[in-house]
Amino acid sequence: MPFRGILSPNRSLKMHRMDMSPVLKQAAEAYLKEGPRLLMADMMELAELYRHVSGHQNLRVRLEKITTDSCRKFHVDCVDLRLLRTYVGPGVQWTGDEGRTVQEAPTGAVVFLKGKHFPGWDDAEKILHRSPPLSKRPVAERVRLLLTIDEANACADAPFDMVA
């Protein structure tokens with residue numbers, strides 16, 4: 001399984017390029033107009049993947065249409081493990097060198113990120129991430145459809161300032 005590597009003590013991010021079928025791409029575009037019904041099968045598969053990798057049984061699943069520069073600062077989340085998949089628009093950006101080198105996940109890639117509450121996180125590589133700035137992109141590209149999966153109680157006691 002390509003994502004089990006995230007559980008390594010020295011890893012904080014694991015990304016795997018995953019093709020999206022034309023039907024899934026069409027469903028993502030339709031979501032922006034009509035709602036999530038057509039994406040449910042993929043979301044359920046990813047929830048099962050997250051459950052398998054993380055061991056969590058109770059999950060929090062969010063599907064968001066993003067049109068602003070949300071989470072524009074590099075940070076580490078106050079969670080143990082997070083799964084992200086961008087169905088439409090640019091994927092999550094990350095850096096391991098305080099922003100000197102910025103990498104971006106391609107649309108459709110599934111990304112696991114360790115957060116501050118992951119056991120042994122203090123000893124792991126320090127990967128910071130952010131939402132890609134949309135305001136610098138052409139108007140037609142200023143939208144993202146983002147799936148986020150966490151443990152059900154993630155962020156329950158976290159302060160809103162997530163900067164590392």
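What is the order of the strands in the open sheet of five strands? The legends below take up this point and then the spaces in the structure.

**View 1. The open sheet has the strand order E1-E6-E3-E8-E2, with antiparallel pairing.** Strands (DSSP runs of E, at least two residues) and helices (runs of H or I, at least four residues) are numbered from the N terminus, and two strands pair if DSSP finds at least two bridges between them. Because strand E1 (13-16) and strand E2 (59-66) each have a single partner strand, they stand at the edges, and one side of each is left without a neighbour in the sheet. From one strand to the next, the twist averages 15°. This is a predicted model, in which local features need pLDDT of at least 70, side-chain atom pairs count only at pLDDT 80 or more, and totals for chains, interfaces and linings use all residues. Residues are numbered from 1 along each chain as its sequence is written, and side-chain values use heavy atoms, with hydrogens and water left out.

**View 2. Strands E3 and E6 run antiparallel and are joined by five bridges.** Strand E6 covers residues 110-114. Arginine 85 has valine 110 of E6 as its bridge partner.

**View 3. Helix H1 packs on the sheet.** H1 touches E2, E3 and strand E8 (144-151), where contact means heavy atoms within 4.5 Å. The direction of H1 makes about 85° with that of E3; axes are lines fitted to C-alpha atoms, for helices over the stretch in contact, and angles run from 0 to 180 degrees between N-to-C directions. Helix H2 (residues 40-54) lies across E2, E3, E6 and E8, and runs at about 160° to E3.

**View 4. The second largest pocket is lined by 13 residues.** On a 1 Å grid over the protein atoms alone, a pocket is an open set of points with protein on both sides within 12 Å along at least five of seven lines, whereas a cavity is a set where a 1.4 Å probe fits but cannot get out; lining residues have an atom within 4 Å of a point. Met18, Met20, Lys25, Thr107 and Gly108 lie nearest the centre of this pocket. Helix H1 (22-34) and strand E3 (81-88) each supply at least two residues of the lining.

**View 5. The largest cavity is lined by Ala27, Ala30, Tyr31, Glu34, Gly35, Arg37 and Leu38.** Its volume, the space filled by probe spheres set on grid points joined across faces, edges and corners, is about 30 Å³.
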